[in-house]
Amino acid sequence: MKLLRRCLIALLILTAVPAEARGDADWFYRGSDITPDPAWTFGSLPNGLRYAVRKNALPVGQVSIRVRIDAGSLHEQDQERGWAHLIEHMAFRGTASFADQQARHIWQALGASFGSDTNASTSPTRTVYQLDLPDADMKEVDQSLHVIAEMMDVATFDPALLEAERKVVLAEKGRRPELTNRYIETSWPLLYAGLKIADRDTIGTDATLRASTAEGLRAFYERWYRPDRATVVVVGDADPAQLEALIAKRFGAWKPTGSAPQEPALGAIAEPAQQTATLAYPGAPYNAAVAWLRPYVETPNTVARERDDLARSLAARILNRRLEAKARGEAAFVNAAISENKQARIADITQLSVTAQNGQWRDALAQSFAIITDALRAPPSTTEIARELANLRTAATSAVQGEATVKSQQRADQLVYAIDDNSVVATAATALALLDRFAPQMTPAVIDQATHMLFSGSGPRLMLLGPAPVPPADAGAALAAAEKAPPAPRQADRAVSMDSLPKLGPEGKEVSRERIDDMDVTIVRFANGSSLVFKQTDFEKGSVSVRVRFGEGMAGLPADHQTIAWAGSVIARSGLADLDLDAMERLLTGRKMSLSFAVAEDAFEMGGATNGTDLDDQLRLLATKLAYPRWDAPLFARVKTGLIESYDLAFSSATARANRELGGFMRGGDPRWIPVEKQTVEAASLDAARAFFDPLLGTGPIETVIVGDVDIETAVAAMKKTIAALPPRAPTAIPAASRAVRPPAPSPTPTRFTHNGDKDQAFAAIGWTTFGGMEHTREKRALSLAANMMQTRLFERLREVEGASYSPSAVATSAERFPDWGIVFAASELRPESTDIFFRIAREIVADLAARPAAPDEFARARNPVVSGIERRLKTNAYWLGALENWSREPEQIDQTRSYASDYAGLTAEEVRAAVARYMTDSGDWSMLVLPAKDLGGGH
């Protein structure tokens, strides 16, 4: 009857919704005095459903859909724990008009990737369904809204499919690290004492999930999935009036079942029996989470609330900068940070998180509280406030510059988050104007008041995690002692400018310029041997991405022994020249500039995110880092301590152990990729790191890639004063032995590793050796498409049929620097008893892919999301930043980029079959297993 009623009403709702018929058009901004964003259109249907639509130009042709249901885990009764999330899964398993898998097939055919473009999530207070259609016309939007509307109203809850999906959700629950589960079980009753959320982990319990029935889920669904609890958001490259009409057409027939349910009692903050809870978990670092709770008060999002929120944010930012400054010096903690969050309908929470080093958790707690005590003793300085305001203003100004290039999916998510947060959305210009209006009001007295508010309410409550048992009474005594810690001294303010940096050499000279017109790229070479690969874009207005590449990266490291390359992160974390890290950060205050360091397969890389105005100084920062690197002993010690403290967590779950071992395993045990051992980290010295990295930072011609909203002449002028002003650098050579990287040898027996976590967790992976190098690009792409098809088939068989895995994956990858290294690789988290099923299914899929071309509909569903994803990536700075690498020294890369989209669009099912048959079926496979040590009687 529901379906018939929907069809009859849908026939009557085919025209645009006139403004006077929009129902409650003011629902979103009601109670707010913040200037509305006029680009949004709001309305409601007679059944109570609310909607928001917006025309947004980017990505071209894309339409993003979100449906928010005002129900989550807090709406569950005790016996229903986990059901809100389980219903989210079941909504995809069939409706009155669309059979199981049909919705996914429809959206894949339209170019949407399942899991990224098509997804859903459940939280304590809501459930959100997400669909991003990459190239949609109104017919496709209409069809998609039809599917989603039925998911909200007439999902079928087939008992047989429930049995399969229950296994999937249990697998999703089972893939969480044992430590995570135990931490939630221990901490939530303390941190949320008196509140319903203390016993409402969204994933539910094994008992309540196994007890779920189709009838029970349907009862929850009918109770809470109602049009008056739903909001539909549609944003995209389409006429808003047409989007309104389609929403009315597809959702207008939805009628609630029964009377509106009573809102659940969410509890009230209560004082716990003890102010502390402790959890011992072998290998865990000592971490203290301290919370202060205040009741959540629902208030409209007004200008006054924004002012108060800014003051709170500034108070927290100032405290975090002080905590970070302490962590960089002689501190008992590796990290410490304050977070403040008004969790809608739950609580207003301030939390201090402290990770101690060398077991000094008591001292770490005391030192952190000493900084808080000082903040409560006296207001911050005007300089501190001005510094944080300058950084906020830089971000707000950048948002104004980039407003026209915000993507549709971001707009849709912003509106959903605003509803979740009981807030509104505004234009970037409005946000900047409010910041400018509030800035003079952010006096030391105002921030002082906000600081006191952050540490008011019920608390502090301490949750202590550590590798060995700590009696709660001892933790309580340490907390009481920390509260009495004397105020910590403050760091002195100091002024730093670009004039504080050493001078570089005389301005460099341009020697040649080459245009690649069809891709709008320019390659410029300079007299010192450096080069610039440049592309001006308007994908992200006001943003410029920079990458400085030199040396040979992993390819240039020794292949016969492990080096200290793992310590490279200290390069970005240290300062430069005579400036320590604090001084460098002061240098960046109010500027859009950053610095990162990475060791890539074929180069060492420094990066930065900036804008056209700051590009000169961004490049100067990177050039100075190369010419005058700095090695700060406390920061090197901090990197070491962080690795040592977290070392044992790499063995705490199947996935953690797999992530630790995969890099080395997939490269045949090459020492450049095998994980570093704790004793190696402990023995490492700053002198050794400096002796290793200093020559590398000074060797190899520099290629700079610049992509973004800046013109070529500005970029060239900035290069001449910075990178091109450095002395010429000697080239580097790669020994032949260093190129001889190969995957593992084929073997019918998996290589085994163990983990120390949940005995029901395992990880299985299987791979096939293909090829690397720069040739046969189209075959590489055929293999990549084969991996995409393999992942879809694994999903259908391993997840939807067997219910053995939550998220099986498959990928094809290869190395251009290593001609013998290329793989197609599939992996999954499973229960130990299901690993043989995974290996069997994976091998069957590969055999079938090699034996016959995929059917036309399956091939289209595999290729279309890839092609649409490429089309979207081609309009991002991030894609071009990576794609332009090595163009100045390897011209063949240009043709590879040129053929990227056309190759995938032109691939045939037969080409994919032939590539699988040629590279994956004759040589055999290799595999690995990660199993629980608890069952095997071993350790790591």
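## Salt bridges

A salt bridge here is a side-chain nitrogen of Lys or Arg within 4 Å of a carboxyl oxygen of Asp or Glu. The structure holds 89 of them. This is a predicted model, in which local features need pLDDT of at least 70 and side-chain atom pairs count only at pLDDT 80 or more, while totals for chains, interfaces and linings use all residues. Residues are numbered from 1 along each chain as its sequence is written, and side-chain values use heavy atoms, with hydrogens and water left out.

Some terms come up throughout. Buried means under 20% relative accessible area, exposed over 50%, and partly exposed in between (1.4 Å probe, protein chains only). Helices (H or I, at least four residues) and strands (E, at least two) are DSSP runs, numbered from the N terminus.

## Glu885 and its arginine partners

Glu885 forms a salt bridge with Arg547, the closest N and O atoms being 2.4 Å apart. Glu885 lies in the loop between helix H29 (877–883) and helix H30 (892–898), and Arg547 sits in strand S15 (residues 544–550), so the pair ties together parts that are 338 residues apart in sequence. Glu885 is buried, at 15% relative accessible area. Arg547 is partly exposed, at 21%.

Glu885 also meets Arg549 in a salt bridge (3.4 Å, N to O). Arg549 is in strand S15 too, 336 residues from Glu885. Arg549 is buried, with 1% relative accessibility.

## Other charged pairs

Arg515 and Asp520 form a salt bridge, with the closest N and O atoms 2.9 Å apart. Arg515 is partly exposed at 42%. Asp520 is partly exposed at 34%.

Salt bridges also build a network. Its members are Arg68, Asp70, Arg126, Arg229, Glu263, Arg345 and Asp420.

## Nonpolar cores

A nonpolar core is a set of buried Ala, Val, Leu, Ile, Met, Phe, Trp, Tyr and Cys residues joined through side-chain atoms within 4.5 Å. The largest has 80 residues. Leu532, Val548, Phe550, Phe597, Met606, Leu615 and Ile706 touch the most other members. Helix H19 (residues 615–627) gives the most to this core, with 6 residues. Apart from it lies another core, of 69 residues, among them Val233, Trp292, Ala364 and Leu389.

Take Phe550 from the largest core. Contact means heavy atoms within 4.5 Å. Leaving aside neighbours within four places in sequence, the contacts of Phe550 include Phe597, Met606, Leu626, Leu696, Pro701, Ile702 and Arg729.

## The six-stranded sheet

Strands of a sheet pair through backbone hydrogen bonds, either parallel or antiparallel. Two strands count as paired if DSSP finds at least two bridges between them. Here 6 strands form an open sheet with mixed pairing, in the order S1-S2-S6-S3-S5-S4. Strand S1 (40–44) and strand S4 (118–122) stand at the edges, each with a single partner strand, so one side of each is left without a neighbour in the sheet. S4 and strand S5 (residues 127–133) pair in the antiparallel sense over 5 bridges. Thr122 has Thr127 in S5 as its bridge partner.

Two helices meet these strands. Axes are lines fitted to C-alpha atoms, for helices over the stretch in contact, and angles run from 0 to 180 degrees between N-to-C directions. Helix H2 (residues 83–90) lies across S4 and S5, at about 165° to S4. Helix H13 (residues 408–420) packs on the sheet and touches S1, S2, S3, S5 and S6. The direction of H13 makes about 15° with that of S3.
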